[in-house]
Amino acid sequence: MAEESESKQSAVESMMEKISEKIHGHDSSSSSDSDSDHEKPASPSSVKAKIYRLFGRERPVHHVLGGGKPADVFLWRNKKISAGVLGGATAIWVLFELIEYHLLTLICHISILCLALLFLWSNAHTFIHKSPPRIPEVHLPEEPFLQVASALAIELNQGLKLLRDIASGRNLKEFLMVIAAFWVLSIVGSWCNFLTLFYICFVLLHTVPVLYEKYEDKVDPFAEKAAIEIKKQYAVFDAKVLSKIPMGPLKAKKV
């Protein structure tokens, strides 16, 4: 009896050892599979996502421009609307800049013409046997104006906060960039007035994004090379000039 019990125990122990070996073998195979999965090369989509894009953007140009109808106009999704908007802006620029028509004079002349036509039509409809003109009641809603004012206030507050941070001496690089931007604007402002500058920016918004969206695969490599070269030049300028400028108290505390 003792020998039978010992043989049974040894059989059970051998079975347990076989089961444990199978479990460990499955775990090792699964771990090796997972390791092989980790060692697999990155998919083409992940490699494509690492391609350099201008200004470090990760979204399409349409989303960068805010999406919706304004982006559709800038990217010429509807050519008739985009051409009409650009043609209207060109007509306004020609009218005020080349012909030197004044805004107040234009508004008064248009108002005189419209009121005179409506007045004559309202009084002469009995003689010409036509129905009187139906003048609609114009009521401007308050909500769009409040939304525009709120958006402008938010943007202005952010701009003022940025200027305050730059003026406090926390970031020398941003300070130099803003000074250079204001200097370039002052030079451009001496060449043309505000209306011409606004029209140039408007034309650029209608031409540069659509051209970049069409040729972005060719533009981005050149932009990457330019960005690398600019960083190299800035590193040299920082080592030779900026690093020798005494730091302000806020920057010294940070260091």
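**Exercise 1. Find how many aromatic pairs the model has, and describe the one formed by tryptophan 93.**

Start with the count, which comes to three aromatic pairs. The rule pairs rings of Phe, Tyr and Trp (its six-membered ring) if their centres lie within 6.5 Å; planes under 30 degrees apart count as stacked, over 60 as edge-to-face and the rest as tilted. A word on the ground rules: this is a predicted model, where local features need pLDDT of at least 70 and side-chain atom pairs count only at pLDDT 80 or more, while totals for chains, interfaces and linings use all residues. Residues are numbered from 1 along each chain as its sequence is written, and side-chain values use heavy atoms, with hydrogens and water left out.

Next, take tryptophan 93: its partner is tyrosine 199, at 5.0 Å centre to centre with 10° between the planes, and the pair is stacked. Then place the two residues. Tryptophan 93 sits in helix α5 (residues 79-98) and tyrosine 199 in helix α9, 106 residues apart. Helices here are DSSP runs (H or I, at least four residues), strands likewise (E, at least two), numbered from the N terminus.

Finally, check burial: tyrosine 199 has a relative accessible area of 15% and is therefore buried (under 20%; exposed is over 50%, partly exposed in between, with a 1.4 Å probe and protein chains only).

**Exercise 2. Describe the surroundings of serine 82.**

First, locate serine 82: it belongs to helix α5. Second, its relative accessible area is 1%, so serine 82 is buried. Third, list its contacts (heavy atoms within 4.5 Å). Leaving aside neighbours within four places in sequence, serine 82 touches Asp72, Val73, Trp76 and His206.

**Exercise 3. Work out how α9 and α10 pack.**

Begin with the geometry: α9 (residues 194-214) and α10 (residues 216-240) meet at about 95°, with axes 5 Å apart. Axes are lines fitted to C-alpha atoms, for helices over the stretch in contact, and angles run from 0 to 180 degrees between N-to-C directions. The two helices are therefore roughly perpendicular (65 to 115 degrees; under 35 is roughly parallel, over 145 roughly antiparallel, the rest oblique). Now name the residues: Tyr212, Glu213 and Lys214 of α9 contact Glu216, Val219 and Asp220 of α10.

**Exercise 4. Summarise the whole fold.**

Count the elements: the protein has 11 helices and zero strands. Then consider burial, where 11% of the 255 residues count as buried.
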